[in-house]
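Open the structure in your viewer and keep the selection panel at hand. The tour goes from one selection to the next and says what is there.

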Protein chains: 6
Amino acid sequence: MRPSRRAPDELRAVSLERGVVKYAEGSCMVKFGDTHVLVTATLEERLPPWLKGQGRGWVTAEYGMLPRATLERTRREASAGKQNGRTVEIQRLIGRSLRATIDLEALGERQITVDCDVLQADGGTRTASITGAWVALADCLSWMKTRNMIKGNVLRDNVAAISCGIYNGTPVLDLDYAEDSEAETDANFVMTGDGRIIEVQGTAEKTPFTQEEFLALMALARKGVARLVDLQKMAVA
Amino acid sequence: MRPSRRAPDELRAVSLERGVVKYAEGSCMVKFGDTHVLVTATLEERLPPWLKGQGRGWVTAEYGMLPRATLERTRREASAGKQNGRTVEIQRLIGRSLRATIDLEALGERQITVDCDVLQADGGTRTASITGAWVALADCLSWMKTRNMIKGNVLRDNVAAISCGIYNGTPVLDLDYAEDSEAETDANFVMTGDGRIIEVQGTAEKTPFTQEEFLALMALARKGVARLVDLQKMAVA
Amino acid sequence: MRPSRRAPDELRAVSLERGVVKYAEGSCMVKFGDTHVLVTATLEERLPPWLKGQGRGWVTAEYGMLPRATLERTRREASAGKQNGRTVEIQRLIGRSLRATIDLEALGERQITVDCDVLQADGGTRTASITGAWVALADCLSWMKTRNMIKGNVLRDNVAAISCGIYNGTPVLDLDYAEDSEAETDANFVMTGDGRIIEVQGTAEKTPFTQEEFLALMALARKGVARLVDLQKMAVA
Amino acid sequence: MRPSRRAPDELRAVSLERGVVKYAEGSCMVKFGDTHVLVTATLEERLPPWLKGQGRGWVTAEYGMLPRATLERTRREASAGKQNGRTVEIQRLIGRSLRATIDLEALGERQITVDCDVLQADGGTRTASITGAWVALADCLSWMKTRNMIKGNVLRDNVAAISCGIYNGTPVLDLDYAEDSEAETDANFVMTGDGRIIEVQGTAEKTPFTQEEFLALMALARKGVARLVDLQKMAVA
Amino acid sequence: MRPSRRAPDELRAVSLERGVVKYAEGSCMVKFGDTHVLVTATLEERLPPWLKGQGRGWVTAEYGMLPRATLERTRREASAGKQNGRTVEIQRLIGRSLRATIDLEALGERQITVDCDVLQADGGTRTASITGAWVALADCLSWMKTRNMIKGNVLRDNVAAISCGIYNGTPVLDLDYAEDSEAETDANFVMTGDGRIIEVQGTAEKTPFTQEEFLALMALARKGVARLVDLQKMAVA
Amino acid sequence: MRPSRRAPDELRAVSLERGVVKYAEGSCMVKFGDTHVLVTATLEERLPPWLKGQGRGWVTAEYGMLPRATLERTRREASAGKQNGRTVEIQRLIGRSLRATIDLEALGERQITVDCDVLQADGGTRTASITGAWVALADCLSWMKTRNMIKGNVLRDNVAAISCGIYNGTPVLDLDYAEDSEAETDANFVMTGDGRIIEVQGTAEKTPFTQEEFLALMALARKGVARLVDLQKMAVA
């Protein structure tokens, strides 16, 4: 039995609310149960120096957590003077995931920065961030289309992400914090709307896992992502 | 005429919503019009080293702004590697303001950290932060009282803050960003429920001001703070 | 009775010595009693990037304290790797104060950097810094005038600053360290030669203060600044 | 045809040389073709503060690259003042991989730090590091056993890692730099001696991949890791 | 002919003024011509962690330069966020030089920190710093002796330092900035009152020098240090 | 008797192996007994900003030590966030030493960066670094000559370095760690192939030394450097 009494293949309540801040070209408040992430997409007519003059744009991401998003307060990274290893890892993952379905040539020589700020954390902040980031990014691209800044399909497909894990010996979908801290194995899947894989990360937290276990997690993830993609489509419709 | 069509002594729509995050001992989403700040109060059974063993507690504050809280994206301070001068100045002001009405001996050897994170900025983020911080702090102290951790009146009075300025030659209350960027003079007042002053900061943005002008601003502030204190009392009732 | 036996409205012995270092375009050793600050003004033919091409110049300030300027040695900020919050707050105040009476268009596209380094600290380092900075700045502008780099009145008025506070229930002028550490209320006033206000900062160190108390402090400050402006005029004559 | 003319399932020449530095409790120079990593294992009778008094030890890793290990010189991280995101990600992966087969209780309240320094980089530095780190760690544990510091099987199994990718449409094993920079998909597998998975990381560099493609990579990895484990066994025999 | 018209073996005007700041246990304003350094010695009843419990004290030094001590303003190190290489090198030299004649056992488990802050720089700041630091240190030790904190001869001998160089083919003593920037060879000598050497640093700025040239510089230095030691003795008498 | 049983004027076994890494324009693994340093020389067609457009090139050096190069592990500087004082001092010395025999005009507007990374440290890492750096630099210049990038003699002479010290009252050559940590006096000499001096650094670790002692060390150094220069000539022949 899961602490939340969910079925093994049941997502938490997911919501994707658009247009939640006034200034950003795209924004989304994404909630996976008690995990709440505020995502904004910012368009800027500039590029990182190493990308200039190549006829391509760039999508990058930054990730942060408010100090009291967590059960115990964590130190503010701005005051500590640097982003910790986990933050760096997550924001790199979000950026890679988004870039994998965007046509950077069609975007033109511009940069979109996606900021994912966790207001409340109950497990799965990186998967919620990616899922909401796609919505904010889609809205930013619509904003550009309305202004004739881009043409055609810059965004080739949906991108959503979900975690799975082996909890008390059973593969389960969308771990919350109570499960995550106890799971033997933890995997995150980033997939497209057509079911292909953008990123897989599986980690044995306690004991190494078998290929069969991994395949069971992948099957769950496929199901979860399909559901998230449906929700994204409803959100941007 | 003010850009927002408000009367010179009219506040923006103010709301103070309590209990907005799951884990914090106290929290408040404070809105002054389009300025939205999420405030949390965290209780910790530890003290800064220089305060240990003196039989007193401490209240401190940290302030941050999400990168796209503003019209143009500002660089994330965690990624820049340090808090800028404005941030440092504001969080010191918030901390001093809160400490001025709290009985640190009655608090006991504990620290309360108040985090003020601006989700959307339209002027007056520091005054909104202080006004909301008082609510989060009051809730944190109630939480402690319920658990018999403190006795009596740790919080001696309300604390609220408001900005005033001279805009187009007229003293006006509660500047929004459009006014703030044009004002000749800008002043912030932090006051108690009984009308006394905790902190005054007046700055001539363009031309120095006279004592009479300053007194006109102070009269407006007194009115605004009285209204904010009423709203605080309703919020925590 | 004040520890220094001064009358409530009596300044410490003030001296403003010009030309104290060999290379700077303007310099001043300012002493308010045992508080000694070495101020230099440096002219550079460059601007911060965000100000380029706007036909205006800039005046900025930096503040520092020698490690043993204080009763106990304080850590060297260069070795700690950053300027602390108090330093940042003070140098921003000095910069704003100086800019408020300078005609930045008339200055032309140049930057003047004013460095205020405290050699010995006995309270009031920020007000001494501002008062001495005006002298160094005035000398720097004279240096420029001699070289036909500027015309007309770039400096519109004098700027001086003084602290006041309520010590043992009495409003007193120009707090030294012994008074400052005991004062209930502490206020700094930056004013022009014609008695207008550039910056007011009043802080309740212990208990909030009334408007009447604040006005008493302001009256004292007005007197003190008038005296400092006289001394500045004698110094640059 | 691969640039190196290797068969799709062919590793580069691998060597694992032990005892390459004088002072470390364990060390290994690991070479995967032109990728050379110097690994040392350091035993210290201390623990990170958050782990003290729990009856368990800790294994952690740090990763670095000499500035001219690469085709073009990369900036020295010590001089840049921080480790970049890629470095942080890799050293966290190495640490997690090693901890997954070590019995931290049996290790006792001690820390082993594994340093992986890349002397020459031709792709696969993280997989070479993990494979060599296991050898250095095993030697460090033997050193402890000889001194009766530990008993029984602290190291439960071998750990080795290999990369795979889809290069020119074909799944290939052990990517070198020429392949890595062109591959559509890139995956790293960390596995145990008995074929179970510790960590999987698969990334679509250009286009998302299918589950079938991913399974083909996993089959290759399994073969490669088995060969690496044989080489580890020969090395420590 | 030297720019200053001094004879080859002639020092600049040297002055050593004691007791120049109010709080420090020892202090000295040292001037070598237009090079002015304010030195303070601070006694603290604490030690660096690695020295605790060994029955010995420690003497360390920090060095800094006010931003406009130089012809052109140099960036404030506190604002740059770190001490540059030259600063680090100089403060290590000062510390080593002072420790070489002090009896650290006799000092007891305490630390003396010597701060050398350059108010004006015209060449030779490190040698002026060392020479003045000895005076500040001697005064700090007298202060301790008066309070019966130490007994006997903690300071075994005088320490002074001087630079020499080959300027226009001629060995000259005590280089000022005009000479220093043109010299072919530059050497700094730190010596004791009895003529022994504590530290020698000789650098070929342009062309390597011969042993004979080096010996000529050493002979000049010996003469210069003897004169400085006389001045120190007069100063502390 | 020296711990290593060497004669007072006997070097450790020295080897200079060229071409040890694949990508660098020049490289050398230098060993002075158990001190092993990997040196690379990198040519870049760029210059530090302050040197642009002057028709001259630049040679600079960076120095690092692998964490477990030493008896006890030292903290990785990249993780500590800065290079320590000793590192800064050494890399400045290496850079100065190399620049002293190179014709920077003949090099052209390019920069050569020499990286010296200590794989194993047993005393004398700075002298080994300089000696090996000359070989890597010479190879880098040969690489350029082969490509007709430079003409004539850019490298005017050999440069090598050796340490000497007074150990148990006897002047000895090429201190290893066991001697270095016990020596009363420690001196490093950087000299050219024709016996002239580029840099001398002599430090009294315990008691000041006499001029005679210093001359004895210089005589030993001269002998040692002559031998090192012979080995360099054989290496590059």
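Start with a salt bridge. Select A:R76 and B:E62: the two form a salt bridge, and their closest N and O atoms are 2.8 Å apart. Bear in mind from here on that this is a predicted model. The count between chain A and chain B is 14 salt bridges.

Next, color the side of chain A that touches chain B by element. Four elements of chain A give two or more residues to this side: β3 (35-44), β4 (58-65), α1 (77-80) and β5 (111-120). Select β5(A) among them; with six residues, β5(A) gives the most to the side of chain A that touches chain B. Now color that side by residue type: its residues divide into 15 nonpolar, nine polar and 13 charged.

Keep both chains on screen and show the polar contacts. Across the interface of chain A and chain B there are 22 residue pairs in polar contact, with both residues of a pair at pLDDT 80 or more.

Now select the whole contact. How many residues does the contact take from each of chain A and chain B? It takes 37 residues from chain A and 37 residues from chain B. Switch to a surface view: chain A and chain B bury about 2,900 Å² between them, and 49% of this is on carbon and sulfur atoms. Pick out A:Y23, A:R68 and A:R73, the residues of chain A that lose the most area to chain B; together they account for 28% of what that side buries.

Go back to strand β3 of chain A and select A:E44, which is found there. Is A:E44 buried or exposed? Its relative accessibility is 16%, so A:E44 counts as buried, the cut-off being under 20%. Show what surrounds A:E44: leaving aside neighbours within four places in sequence, A:E44 is in contact with A:R110, A:Q111, A:T113 and B:R73.

The last stop is another pair of chains.

Key:
Residues numbered from 1 in each chain as written. Chains lettered and ligands numbered in written order. Predicted model: local features only at pLDDT ≥ 70, side-chain atom pairs only at ≥ 80, totals over all residues. Heavy atoms only, no water. Contact = heavy atoms within 4.5 Å. Buried area = accessible area lost by both parts, 1.4 Å probe. Salt bridge = Lys/Arg side-chain N within 4 Å of Asp/Glu carboxyl O. Polar contact = N/O pair within 3.5 Å; in protein donor to acceptor, adjacent residues only side chain to side chain. Nonpolar A, V, L, I, M, F, W, Y, C, P; charged D, E, K, R; others polar. Buried < 20%, exposed > 50% of the residue type's maximum accessible area, 1.4 Å probe, protein only.
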